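Let's go through some terms together and see what stands behind each one. Have a look at the model first.

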Amino acid sequence: FRLLESDRGASLPGKDVVYRFLNHSGFAWRRFLHALSLRVIQHFESLTSASRVRAFIADDSVLARNRSKKAELLALVHDHTTGRFIRGYNMLTLGWSDGFSFAPIDFVMLSSAKLKNRFCEMKARLSKRSPGYKRRTEALSRKPDAVVRLLDRALAAGFSADFVLMDSWFTQAPLLRELMAKGLHVIGMIRDMKQRYDVGGKRMNLQELYRT
């Protein structure tokens with residue numbers, strides 16, 4: 001939008017042409033974002049020490065669409081920040097950071113895996129081979145499964161990091177086991193729940209573990 005409104009906008013296509021391009025279900029946006037981010041990160045790494053710690057960062061944000069009625073895959077989603085359900089989407093984002101610089105790698109717009117929570121379904125006339133159709137089916141995933149797939153694609157595309165950094169919503173045993181099996185160590189906050197931690201043969205709750 002800023003580019004179209006600038007002095008260079010006169011040499012570019014019109015706004016409607018650009019928006020039709022952005023909405024085209026046949027364009028491989030994920031491949032484009034991977035390629036662009038990888039070039040940016042390689043440039044960052046050429047300027048920094050090889051010993052600097054790098055991390056993948058997984059986080060989600062709720063995009064409220066309370067006034068929408070017919071948006072594709074619009075759903076009732078849980079905002080774990082406020083503890084309330086709202087009409088909208090969850091945008092799960094994977095990024096890369098070396099502690100000073102940050103680059104987005106990938107994202108997925110999540111609807112709800114439960115049919116009863118969805119207000120609208122996806123368009124009927126879409127090629128099942130198109131990236132747009134694959135994005136829509138991906139939107140029906142569970143959030144932990146989506147995190148694993150984001151990381152799998154990032155590793156396959158050539159990204160690397162020392163850790164995966166996540167908040168307390170993601171830092172749960174099943175996801176930790178799956179990431180550790182891929183050789184990815186996790187840094188994350190842990191919620192104070194009923195689980196116990198084995199430390200030197202002694203079982204501790206979270207408060208005891210923290211004091212130790």
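Q: How many helices and strands are in the chain, and what makes a stretch count as one?
A: The chain has seven helices and eight strands. A helix is a DSSP run of H or I with at least four residues, a strand is a run of E with at least two, and both are numbered from the N terminus. This is a predicted model, where local features need pLDDT of at least 70, side-chain atom pairs count only at pLDDT 80 or more, and totals for chains, interfaces and linings use all residues. Residues are numbered from 1 along each chain as its sequence is written, and side-chain values use heavy atoms, leaving out hydrogens and water.

Q: Where is Arg30?
A: Look in helix α3, which covers residues 29-46.

Q: Why is Arg30 called buried?
A: Buried means under 20% relative accessible area, with a 1.4 Å probe and protein chains only. Arg30 has 16%, so Arg30 is buried. Buried residues make up 31% of the 212 residues in the chain.

Q: Which residues does Arg30 touch?
A: Contact means heavy atoms within 4.5 Å. Leaving aside residues up to four places away in sequence, Arg30 touches Asp106, Phe107, Val108, Arg135, Glu138, Leu150 and Arg153.

Terms used:
Buried < 20%, exposed > 50% of the residue type's maximum accessible area, 1.4 Å probe, protein only.
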